[in-house]
Each structure stands twice: as structure tokens, then as C-alpha cells.
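Please examine the model below before reading on.

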2 protein chains.
Amino acid sequence: MKADIITIGDEILIGQITDTNSKWIAEQINLIGFNIRQITSVGDDKIQIMNSLDFVSKYSDLVLITGGLGPTDDDITKHTLVDYFGSKLVLNNDVLDDIKSFINSKGISILNDRNFKQAEVPDNCRVIRNTNGTAPGMLFRKNNVMFISMPAVPFEMREMMTKSVIPILEREFKLPSVIHKNVLTIGIPESTLAELIANWETGLPKGIQFAYLPSPERIRLRLSMITVDREYGEMQIENEIKKLEKILGNAIYGYGDLFLQDVIGRLLTERNESVSTAESCTGGNIGRLITSIPGSSMYYKGGTIAYSNEVKEKYLQVPKEIILNFGAVSGEVVEIMAKNQRLNFGTDYAIAISGIAGPEGGTTDKPVGTTWIAIAGKFKVISKKFNFGSKRDINIRLSSTRALDMLRKFILEVNP
Amino acid sequence: MKADIITIGDEILIGQITDTNSKWIAEQINLIGFNIRQITSVGDDKIQIMNSLDFVSKYSDLVLITGGLGPTDDDITKHTLVDYFGSKLVLNNDVLDDIKSFINSKGISILNDRNFKQAEVPDNCRVIRNTNGTAPGMLFRKNNVMFISMPAVPFEMREMMTKSVIPILEREFKLPSVIHKNVLTIGIPESTLAELIANWETGLPKGIQFAYLPSPERIRLRLSMITVDREYGEMQIENEIKKLEKILGNAIYGYGDLFLQDVIGRLLTERNESVSTAESCTGGNIGRLITSIPGSSMYYKGGTIAYSNEVKEKYLQVPKEIILNFGAVSGEVVEIMAKNQRLNFGTDYAIAISGIAGPEGGTTDKPVGTTWIAIAGKFKVISKKFNFGSKRDINIRLSSTRALDMLRKFILEVNP
């Protein structure tokens, strides 16, 4: 089955935003067995949208459309679809209810004209409800092609896709069985990883596709297979994963779609243990990652963002002389930070980090990117030096990730 | 003048990489006065590439193509262009020289077959040299349309664009002047904003285009104009922005591409003042945002992530009785947190926040999303209650944003 993606919005065409929706949709749609034929970004322009719908629907079975559904006058997708599919707009009470409860949740009780306009939908579409915004999704059919229009706000679109669109597609298209398994790794750079598993990759059975999906937070290794015999396919893939586990050991932190903070949450919950943080260069990002997990208050007591040396001295009891002698970015300092924070906050573990995030502050001895990370437990404190390069944002992301990974390995060592 | 962008590569269509080249090219091409009509991503497929070239060149004066020029067998762009433009391949000595010196610079002295293949170019194209890689750029003309094919490796493509392609375009096309201005707002939801400025929008002079670009962190209002008289156009836009300022007042926090944390950085730097944070529900995210700005250590001393009540009591001196009487999510608690953190960390201002991020922990009185934010200054403490809905991640993003916005308004009030 072939699918096309069309994203609508002048802001993409003038280069003001990167179209990340297409990538996300392409990935999801691929996972359930569609081939994406083309991705098209067009402006908020009626004729052009209609031309593109005409062109792509000649080649595809499914056309997924995002954008141009906002309440403002520059959003013209709905009216264009009305013309394209020969519909007329009618007020839909379910949509109106959704809009009401959405608006109410924002503390606004009276709907305005634009809200009512958004509750109008083409009379020949199937409505796909939006629980995170005011623009509903719409499903049309024409000449055996299915068209689905969704809002462009990423979290609205993503939830709509996951909750409604994908189940509809799986029900209404005859899709091949696609098996995907992700092996999640951290701590080995992509090029080293590629060398380590080169032989394994060459030896993969025919029919298993393999891909690296790298990001600062993790490298996902994806094994996929299109098959008619799902059980046999899954067995084959499991076999290959077992071989991978032998090669990569504890660089594998999980499977599926987890992040390190999920895994740490599980480890701490299972062990009924807790953690606290003492962050300098990451400025709160490690705390943010840990607390992005619902229920993290069960194992995370909090932390100190020690961005200045005074805070390191006053709240983490790092002696001034130690900072003077070794520098704030040093193994000595992070070990004291971690040890004291663990005691101060009364937790089983503490993470401490101090580094030069850049772009300023580097020296010959300690160039931008130099980062020290320490983990304190009941019986020992460990620390390690890293260099994550000179880009501030990447630096912060990489160092936060590695700090969480050090904690993961530490916990597993203490209490496997 | 109209331009189309075509990116070629299977990796985009399976969602393995985000197409960032298109955004970059669109931005550059827009700045010199082209209208981007459409961005198209196609796979490494000859028929499909040719169909797309045919389709887009019906509407545009310029077609910029990236991708599919690598040395491996799946890269088929060059052969496709040969067929499309009725060319034959000939060895080009300039290109061969470029490839030699590029290969030499990598410490390799002997060219392989693939290198010689890359030095072959269509006989009816104008070669655009590539000093950063082995694939040359190629310029073709057909039916009054200019086609330029470039490699997809971002730094090769970018240098080729900047050094060669843009000068060629400026020389060979008669281009208008394009003006874009962004007005950045925060704190007014999109639908309310739309109502507030509906009359202003209707009254915009012909030729000025207007767009909303919303996200949890900000709503950008974009005014654009294509004109031959740049000075007059800028004056017209400035005029409209002045009217907007009258309507929206301090909901406008800046212009261009700033985030709140940039503006707060500037305000504090100008005033030689400092800030600290005391975060509960946001778990470090406010600290992360503030420290995402290079040089933030000049005005941010750090913070406390008070995820547990013990930390609120021990490090922010919130009396146990206050938490028992009013709850950890209350105006009373955040005001004490802010006041004490300001004194503890010795800063001019402090932000404090406590809320129910969800999905658990809500009550009838305080449903999930309820958030209290306080700002403490030298002479007063203010606090405010919000509800940001029940989605944990959006909740954290919105509440962090509003906390920064409260700080911005507080600073401006104390010291305009």
C-alpha cells in the first residue's frame, strides 16, 4: 500500500519552521506496512493544495494531510477540502462538545465565533476527534483513495494519529505484517557500534532489515521484517537480538521506545530506592528528565542546581580550597557534591555533574565540553570525565544522558 | 519568481532522517525574493523523480534539487537528470581536479573507479564546483526553467549555495525585496489573540501578509511583504507593528526569533541583577531554560528542585503547618518558597512553582494541572494560580513558560 504525506503551511515554505511532522508520520506509517511515496509541503493556497491532492492521489492509496486547520483566516485547508470533495459545512455537535471541554479546561467558559466555526465540518467526511485542541481531524474518500486531514500542532496530531488514525488504517487496509523491534543502546558512539556489530549485521538472515536511529539520548537499533508468518519472523528476530546482547552487553539499556529515565524509574521503584541530583552545567536538565516520568515523586526527592560556586559551597559543602585547587570542573568537586547531596537529601543515590557547557569558559587543560560526572551510593562514590564537544545544547543533552546511564550501571552493580 | 525544492532520498520517506535541507534552502531563497511554491521529498526512484520534475516545472521558474548524488549504487539522481535533459555523460577535468584535491586532503592519493565516475557530468549542464566533497553541482535549463542539482550533505550543499548558487540566482533573475518581521507574544491563547486583533488584521494594507505560528512556548505573529521599495515597505510594517503594540501591550515580549529566556537574560544583564529558582512540579525545567542561554551564569546562581515536601521544609524553610493547612500546591507555599530562595541564594529575584503535573495527584479542589507560581523581589512577592490541563509534558512546558513570563513582567514593573 502506498501513502503520500502533504503538509500545508506558508511557515514551512518560507523556512521558518522545520517540517518535523512528516518525518514522524512517515515513521509511524511505515511501521504498519505502508510505503511512503512522496512528502509534499505546500503553502496556504487553495489552487495549489487542490493541484497537489490531484497529483498525489493518482499514485497513492492514502493521503495524510496536516496543517491549515487553525481558527484564523490564513488557515484555509477546511474550505479547500470542502471544495475538493464537493461538501458543505455543517455544525457537528460532537466536535462542539470537544471544543467546549477543551476551552473549559483552559479556564474559558464562553465560546467565541471562531470556536463555532471550528465546530463546522464537511458533511461528507468522517470526523476524527481531537482531545488536545479545537481543530477536528477529517476523513474523506474519493476514487478509492482515503484522505485524512489533521492539525499541524505536533502533540495534537500525534495523539490523533496514535489513538484514532492508525487503528482506522489497520482496520481498513489490508496491510502486510510488519515486525519491528528496537534495541536501545547508550554509551557507545555510532561509528564504534557499527564496527562492533559489522559481522553480526552481514550475517543477518535475508528479509531482516537493519537500521541505526541515532540521537544524543540513545541509539536505537531497529530490526524489521515484512512477513506472512509472524510467529516465525519474531523468532528469527529474537534470535538475532540474543546475538546482539552478547556483543553489546550492558550498553543495551532496554527495548522498544524507552528512555533512560524510564529505566531508572523502574529500577528505583523495584528496589524501593531513591535519588537526588546536584547539577551545575546541565542547569536542571537531569531533574527535568527524571521528573518527566509520571510517578517520579516516589523515587526522586529533588536536587540542587549549583550554577555558581557559592551554591556549591553553601548547599553542597564543597570546600572553597578544593574549588580553588582543582577547579569547579573536577573529579574532586563532583565527588564531594554527590556524596553530600546524597546525605543532605537522604537518598540512596545522588548524581552530581559539573562541566563547561560553552561556548565560553574553556581552557587548554579543560576545553569546552569537559564534563565530570559522579554517582554516590551508600558504600562508594565514582566519578568519570567526558568531553562532549563544543555545541552547548548537544553538550547538555549528551552529558545529562551519560549521567543517567552512569546511575543505571551503578544501581545494577550494587543490586543486580 | 517562484521556486520549487525537491529532496531525493529513501531515508527521508521512511522517516529515518528529518529533511533539514529544505528548511535551510527555503529560508535562503526566500530572503533573496523567491516564493517557494512547494517542497517535495521523493525516493531514489527514476520514474518518480522525473514525474516530479515535470509536475513542479510547470509552475516554477527555479527548481532546486538535493540528494542522490553519492558514489553508491542507490544514488541515481545524475543518471535520471541525463535522461530528463537528454544529455550524455562526459569526463570533466575541472571536476576531476576538485575530486583529486578533496581526496588528497583526506590523505588518500589514488582515485578509485567511483571517483572517476563522479567526475563525469552531463554535457549540457553548467558545473557548480564542490570544494567540500566529491559530487559537483549541476545547472540545467529547460523550457525557461532553471534546475540546479546539489549534494544532500548539509555542509557541502550550504557552502555551494552560499558561494555559487545564490550569486548566480541574484544575477540571472529579476528579484523583488522581501520583508519579514516577527512579533513574539506570550500569555494570551491563540483564539483570544485572534479576536483581539481581528480588526487590526482586517485593516492591514494590501500586500502585507499575516500569520500565526503558535507553540506552548510562544505565539509568533509574522508580518511579511514583497516589495520593490524596501524602505517604504519596512515603514508600512513598522506602522502596523506599532498598532499591534497598542492592542497587545506587554503580551509582546520581543521581536525576531527570541525565546523568553533570551529576553530575561537581557533584562537581568542590563540591570546587573540575578535570579534563582525553587521548582517543584517543573522538576528543573525552568533552570534548564534559563541556562540554555550562553553566559547565563552571569545572572543565574542556581536553584532548588524541591520535589518532596521534606526538601521544601529543609531547604526553603516552608513550615510543615503551612503545607498541612494549605497544601504543597498553594499560594502560601510558593510565596514562602520564592521569598526564602531569594534570600538563601542572595539573588534579586526568585521564581517558585508548585503544581500537580499529573496524571495522578489531582483532587476536586485542585485538579491535575493546577499550578501556583510566585515571584519574589526585594520589596514584594506576588503569586498566581493557573491551570494548564492534564497532559504532563505540555503542562510542564506551559507552566515553565508562564513562570518566566511572570518574572519578565515583574522585572519590567520594578525597573522599567
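## The interface between the chains

In this predicted model, three salt bridges are found across the interface of chain A and chain B. On the side of chain A that touches chain B, the residues divide into 27 nonpolar, 32 polar and 18 charged. A salt bridge brings together the side chains of A:Glu159 and B:Lys391, with a distance of 3.0 Å from N to O.

How many residues of each chain take part in the contact? In chain A there are 77, and they are in contact with 78 residues of chain B. The area buried between the two chains is about 5,900 Å², and carbon and sulfur atoms give 55% of this area.

Strands of a sheet pair through backbone hydrogen bonds, in either a parallel or an antiparallel manner. Twelve strands form an open sheet with mixed pairing, in the order β6(A)-β7(A)-β8(A)-β3(A)-β1(A)-β2(A)-β2(B)-β1(B)-β3(B)-β8(B)-β7(B)-β6(B). Its edge strands are β6 (126-128) of chain A and β6 (126-128) of chain B, each of which pairs on one side only. From one strand to the next, the twist averages 20°. Helix α3 (residues 46-57) of chain A packs on this sheet, where the helix touches β1 (2-8), β2, β3 (62-66) and β8 (145-150) of chain A as well as β2 of chain B. The direction of helix α3 makes about 170° with that of β2(A).

Which strands join the two chains within this sheet? Strand β2 (residues 35-42) of chain A and strand β2 (residues 35-42) of chain B run antiparallel and are joined by five bridges. Here A:Ile39 stands opposite B:Ser41 in β2(B). Within chain B, strands β3 (residues 62-66) and β8 (residues 145-150) pair in the parallel sense over five bridges, and B:Thr66 stands opposite B:Met150. Helix α4 (residues 77-84) of chain A lies across β1, β3, β7 (137-142) and β8 of chain A, at about 20° to β7(A).

## A sheet of ten strands

Ten strands form another open sheet, also with mixed pairing, in the order β17(A)-β16(A)-β15(A)-β13(A)-β14(A)-β14(B)-β13(B)-β15(B)-β16(B)-β17(B). The edge strands are β17 (381-387) of chain A and β17 (381-387) of chain B. The twist averages 15° from one strand to the next.

In chain A, strand β16 (residues 370-376) runs antiparallel to β17(A), and seven bridges join the two. The bridge partner of A:Trp372 in β17(A) is A:Lys385.

Note on methods:
Residues numbered from 1 in each chain as written. Chains lettered and ligands numbered in written order. Predicted model: local features only at pLDDT ≥ 70, side-chain atom pairs only at ≥ 80, totals over all residues. Heavy atoms only, no water. Pairing = 2+ DSSP bridges. Helix = DSSP H or I, 4+ residues; strand = E, 2+ residues; numbered from the N terminus. Axes fitted to C-alpha atoms, helices over the stretch in contact; angles between N-to-C directions. Contact = heavy atoms within 4.5 Å. Buried area = accessible area lost by both parts, 1.4 Å probe. Salt bridge = Lys/Arg side-chain N within 4 Å of Asp/Glu carboxyl O. Nonpolar A, V, L, I, M, F, W, Y, C, P; charged D, E, K, R; others polar.
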